[in-house]
Amino acid sequence: MCWLLKCLLVVCVWWTGQVECGKNYANALSKSILFLNTQRSGKLPINNPIPWRGDSGLNDCVVGGWYDAGDHVKFGQPMASAATILLWSLYRFKDAYSSTATLDSMYDMIKWPLDYFLNAWNASAQQFVAQIGDGNTDHAYWGRPEDMTMVRPCIYINTTFKGSDVLGETVAALAAGSITFQAKGAIFYSEQLYSAAKSLYAFAMDNRGLYNGSRGFYDSTSESDEMCNGAMWLYRATNDSTYLDYARTLADFNVPWSYDWDNKQASCLLLLYEETHEDKYQQALVNYFDSWLPGGTMDYTPCGLAWRFKWGSLREMANTAFLALLAAESGIQTIRLRQWAVQQINYILGDNNFNGGCFSFQIGVGNKYPLQPHHRAASCPDKPAPCGWDNFNSPLPNPHVLQGALVGGPLVDDSYEDKRDNYVLNEVSTDYNAGYQGALSGLLHLENLNSLPIVASKCPCLD
């Protein structure tokens, strides 16, 4: 009952003359898991918690996995990135899931992409399915995934068509999954993930190259960062120093632009620091956080959001907030990074001035949140009613509340538009939610330790 009381309790305190109210991180975390379950492709289980979603993509060359965003393509790079981040949150902040009674649902949710990765890798044929569906064809369709009729091509990585960026991050997810399910006691499944991670990484090392060009979306700028991530999670799974030594050669000490599906440089440095505690990795991380926190090179909105880019502004911030909480656990600028992370996540949950203030950019949390996220399935009414571009153009709220989804977020002046056709600000995606959920787990971990810092907000929600 303690976790339930904590969920229901809202505490307001005075801080430098402003009222600051506590946020319901437990509710936000549980609803984030719901959104990720909404994105499932394939044959859904009997305990499917999303009643308006059904079986879909059953004729795909690999059944299962997550639809990327509001569309129905299964993109390997962001799916692997999201899965790795979520598994990292479970690895480091497991108590957050246990204390909020979401541990079982987290295991169930994260197994969905892991099963897909296992089936996407054919070790004997030396071939990995990196994408299912054509982005352009898919984006010309507005409707339910259950009603898709378009051709859904499979795009492969093999000895001819490279993609060690996708492979390296998939290895990271598989290796982190192996650790997770070994701790859970699912030994056979853990060994399956471990074996696949090792063989896939060996293949990636022999076939280095970017997954770029006309074959798909999500072109990456580098593959060494993903290969570093894969090596570090394999090191944790195997304790084989060969992987650690290799990761050292891949570390980039320049200040990265951000941390997202494309750029894993900062996570590579943090993983290396967590395992070695060497000063050079710590200093590189401090340089990165210095660029993000006030006084650095980052733009800030009037209400205090660290704003990197208009496309997924909340995703970019939340990923770095998650990294900041992880780094703080390892003794890097602990107080400073924790305070900043709390301020940033609280912006998402209401400490902003949009629509009169107290607006949650996570759907279904609080009293005010987006009603028209750019998401095909949520915009469709229940069957047998048809769904198409008329639903896209409707001025009405989506018939289904897309519980737990984090939208892209505001512009640098704190402005935001809750309109379905504004996919820049109102897109949702598995990789938008991943770092955000990771940050929520870190804040819940601090709550469990009674160590959550009290912070001031420029636009506090007083509800």
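Trainee: How many aromatic pairs does a search of the whole structure find?

Mentor: Rings of Phe, Tyr and Trp (its six-membered ring) pair if their centres lie within 6.5 Å; planes under 30 degrees apart are stacked, over 60 edge-to-face, the rest tilted. The search finds 27 aromatic pairs. Trp88 and Trp233 make an edge-to-face pair, 6.0 Å centre to centre with 85° between the planes. Trp88 is in helix α3 and Trp233 in helix α9 (residues 224-238), 145 residues apart. Helices here are DSSP runs of H or I with at least four residues, strands runs of E with at least two, numbered from the N terminus. The model is predicted: local features need pLDDT of at least 70 and side-chain atom pairs 80 or more, while totals for chains, interfaces and linings use all residues. Residues are numbered from 1 along each chain as its sequence is written, and side-chain values use heavy atoms, without hydrogens and water.

Trainee: Are Trp88 and Trp233 buried or exposed?

Mentor: Buried means under 20% relative accessible area, exposed over 50%, partly exposed in between (1.4 Å probe, protein chains only). Both Trp88 and Trp233 are buried. In α3, 15 of the 17 residues are buried.

Trainee: Why is the pair of Trp311 and Tyr423 tilted?

Mentor: The planes of Trp311 and Tyr423 stand at 55°, with ring centres 5.8 Å apart, so the pair is tilted. Trp311 has 33% relative accessibility and therefore counts as partly exposed.

Trainee: Which residue lies over the face of Trp112?

Mentor: A charge sits over a ring if NZ of Lys or CZ of Arg is within 6 Å of the ring centre and within 35 degrees of the ring normal. Arg40 lies over Trp112, at 4.7 Å from the ring centre.
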